Amino acid sequence: MEKQQGGRARRVAQALFIGLAVLVIGLPFMAQMLGFNRWNPGENRAQAPVPALPATLAELEAWPAQLESALSDRFGLRSDLVGLHAQLLFRLFHSFAKPQVVLGAGDRLFYSWLDDGRPFTAMVRRMCGYGVSAAEQQGLATATATMLRAFQQDGLRLDMLVVPTSPVLYPAALPAWLRQRCTGTTLPTSAVLARLAPEERDRVAFPLDLLRNPALPMPSIALERFHWDGWAASMVAAWWAEDRHGLPRLRDLPTERVFQLSDLSGYFLGLELGSQVLEPRWPVPELARCQGVACFPGLEDVSGVLADVSRYHGPRPGAGRLLILSDSFGAEAAPWFARHYGDVWHFALNNLHELSSAQRERFRQAVLEAYRPDQVLVLVHDGNLFTFPTWLAQALR
């Protein structure tokens, strides 16, 4: 009797296993046949192409991996299953499928990128200074000074604004192993400032104390975000323009709070993590705003490559012209500088390397010679201090 019951239990378990296997394999297959395999643009990457049949031995060797990538991007219910996977990882284990995002104390998200296949190595080096030698610190200072002098030789006033990111603003919230490595290190931006000559140091702004002030009514960078939003960008723009440069405020911008999904959501599709962020409320009287390719006639091909470009024009006698050259932190900041300038041109240069030599030269002539700004502002987050000054000076001179 017990043997019969045991045999029956095994048969039931086998049936359940087979049924589950058929469901796991068959449901996506059926969905694939019915066309339910949409691509989610939130992944922020190009879908792997379907490879052509190989015509050479070298193509044959590469073909299986290419086919696997194409199939991985096209199986039925892919987006739904990716989302379910993200939900289970987060709800059960408080982790993410991709190592670029890690959950710290107080539910703060930290973003990194891979360096030689090791998560967090680059972030540690760039933001909190772990492993950055004195020689490398001096190299960063030399590159920054070279950039400042290069533009000065062209008769342009250039300042640099380095935005501290979450690992620097909130080190206590870092995961324990990372917090241990960051303890006692020298921030790269602080090391650069200490090595610059006084006249150069005055042209590099690092609002660490301003953004880390515990008396602020809210975090300078929201828990779920890598980038800042209008709350911190507005505060820093006013500090830079009014306190450091003595510029009058020509106008105020009306604001509103809106809910936004996290700017890191491409790393955990299916999780609706987000926060209330501060944004200007458009339209603004006497301030014209333009975003995108059409904003700079004659530079449409350049703007199309750079993608993140904008301009603001508020006619006011005597108001100056500002040119902002930035990484991805510039987009949120640009409109707030229009409170102090009559014209603001903003270009995020993350894709500058994709421009041809001829395009870079036309871009340089348009923004530095034709526009002839009264002030150039290089605005980057602290991680980009390692690369931005060197290649900006090389690319635009």
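Predicted model: local features only at pLDDT ≥ 70, side-chain atom pairs only at ≥ 80, totals over all residues.
Contact here means that heavy atoms lie within 4.5 Å of each other.

Helix 15 spans residues 388-395, and its buried residues are F388, P389, L392, A393 and A395. These buried residues pack against elements from several parts of the chain: helix 5 (134-153), strand 5 (158-163), strand 11 (321-326), helix 14 (357-370) and strand 13 (375-381).

Is R372 buried, partly exposed or exposed? Its relative accessibility is 35%, and R372 therefore counts as partly exposed, since that class lies between the 20% limit for buried and the 50% limit for exposed residues. With neighbours within four places in sequence set aside, the contacts of R372 are D154, G155, L156, R321 and V367. The contact with D154 includes a polar approach, in which the backbone oxygen of D154 lies 3.2 Å from a polar atom of the R372 side chain. R372 and L322 are 50 residues apart along the chain, and their C-alpha atoms are separated by 9.1 Å.

The buried residues are G330, E332, A333, A334, P335, W336 and F337.

Burial also occurs in loops. S262 is located in the loop between strand 7 (255-261) and strand 8 (274-280). Because its relative accessibility is 3%, S262 counts as buried. Beyond its neighbours within four places in sequence, S262 is in contact with L109, E224, R225, F268, L273 and G274.

The surface presents a contrasting case. Which residues form a nonpolar patch there? The patch consists of L88, L92 and F93, which together have about 350 Å² of accessible area. F93 belongs to helix 3 (residues 78-93). Its relative accessible area is 59%, so F93 is classed as exposed.

Finally, a search of the whole structure finds two disulfides. One of them joins C128 to C182, with an S to S distance of 2.2 Å. This pair links distant parts of the chain, as C128 lies in helix 4 (residues 121-128) and C182 in helix 7 (residues 176-182), 54 residues apart. The link of C128 and C182 is left-handed, with -75° about the S-S bond. Both of its cysteines are buried: C128 has a relative accessibility of 4%, and C182 has one of 12%.

The other disulfide is formed by C290 and C295, whose sulfur atoms are 2.2 Å apart. The link of C290 and C295 is likewise left-handed, with -95° about the S-S bond. Its two cysteines fall into separate accessibility classes: C290 is partly exposed, with a relative accessible area of 26%, whereas C295 is buried, with a relative accessible area of 3%. When bonded cysteines are counted along the chain, the disulfides follow the pattern 1-2, 3-4.

Conventions
Residues numbered from 1 in each chain as written. Heavy atoms only, no water. Buried < 20%, exposed > 50% of the residue type's maximum accessible area, 1.4 Å probe, protein only. Helix = DSSP H or I, 4+ residues; strand = E, 2+ residues; numbered from the N terminus. Polar contact = N/O pair within 3.5 Å; in protein donor to acceptor, adjacent residues only side chain to side chain. Patch = residues over 30% accessible without salt bridge, like charges linked within 9 Å, V, L, I, M, F, W, Y side chains within 5 Å. Areas by Shrake-Rupley, 256 points an atom, 1.4 Å probe, with all protein chains shown as cover. Salt bridge = Lys/Arg side-chain N within 4 Å of Asp/Glu carboxyl O. Disulfide = S-S within 2.5 Å.
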